[in-house]
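Try each task before reading its solution.

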Amino acid sequence: MAEPAPRSPATPAVQHLVVRYAKRGKMRFASHRDVARAFERGVRRAALPIAYSAGFTPHPKISYAGGAPTGVASEAEYLSVALTSWQAAPEVRQRLNAVLPDGIDVIDVMDAGGDGTLPSGTGSFGGLEASEWRVELPGVRPEAATRAVAGFLALSEAPVERRTDKAVRHLDARAAVIEMNVVEMDVIAADSVPANPDRGHRAAGTGGIDPEDCAILRMVVLHTAPAVRPEDVLTALRSGHGITPSSPPLTTRLAQGSRTSLTGKNVS
């Protein structure tokens, strides 16, 4: 039986772009695979000259940083794309936003290094050491949350369990948390932090949140293996400090980067 003819070599990539995008509204319920499919379709519909891998089953050269968990909104997801001809970054942003589904919004497109690393000041995907998170806790008074946060930060460890389809993972939530505090409503409104993912991109503090009955946490969490998620930190706050929201928390990833860039403190 004759061997199938080999494919011609893939057209080499001449440009790498890094895309920062948001996952808002109902799209926070999309899985990482769903988002990846949406971007692959979007790249084709935008007629971008995407580079493909070689071989009999070529794939578009799109790589992703670790995605936010399903059910969590984000203002700071990252991917990189390899293109076979040079494109202006602002035009790529405009073309993608014209074809991507509602709730996936490209915030910025940046030229990257030849290996697909992010521009200076953002770090490579490997340099995304931590994430900054914002968590709304309905039914939790800020003073109670403040006491719980102080108690949590005083711990040497905070063991929690997370059940998965295959096993039970044992995690130390405390070891991953660099910073955590309760944020006052007026501070959030002044910073115009994107909030409630059901209402899209809006200034926080304007969507009917009762500041007396909804604590808002800001936390900076290291990217560990296995990953400690905000939900694991909330598990520790619930089991050890009695913090139990009256309805599901609303969690948003605000930023990714080095611990220095997220905390403003140099690591000794």
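**Exercise 1.** Sort the lining of the second largest pocket by residue class.

*Solution.* In this predicted model, the lining divides into twelve nonpolar, four polar and four charged residues. Of its 20 lining residues, Val72, Glu231, Leu234, Pro249 and Thr251 are the closest to the centre. Finally, turn to the secondary structure. Helix α6 (230-241) and strand β10 each supply at least two lining residues, and α6 gives the most, with five.

**Exercise 2.** Describe the largest pocket: what is its volume, and which residues lie nearest its centre?

*Solution.* Start with the volume, which is about 450 Å³. Then go to the lining, made up of 24 residues, with Gly67, Pro69, Arg162, Ala227 and Arg229 nearest the centre. By class, ten of the lining residues are nonpolar, seven polar and seven charged. Four strands each supply at least two residues to this lining: β5 (130-138), β6 (159-163), β9 (214-222) and β10 (250-257).

**Exercise 3.** Decide whether Arg33 is buried or exposed, then find how far it is from Gly67.

*Solution.* First, locate Arg33 in helix α1, which covers residues 32-45. Its relative accessibility is 61%. The cut-off for exposed is over 50%, so Arg33 counts as exposed. Last, compare sequence with space: Arg33 and Gly67 are 34 residues apart in sequence, and their C-alpha atoms are 9.7 Å apart. Gly67 is also one of the residues nearest the centre of the largest pocket.

Key
Residues numbered from 1 in each chain as written. Predicted model: local features only at pLDDT ≥ 70, side-chain atom pairs only at ≥ 80, totals over all residues. Heavy atoms only, no water. 1 Å grid on protein atoms, 1.4 Å probe; cavity = no way out; pocket = protein on both sides within 12 Å on 5 of 7 lines; lining within 4 Å. Points joined across faces, edges and corners; volume = space filled by probe spheres on them. Nonpolar A, V, L, I, M, F, W, Y, C, P; charged D, E, K, R; others polar. Buried < 20%, exposed > 50% of the residue type's maximum accessible area, 1.4 Å probe, protein only.
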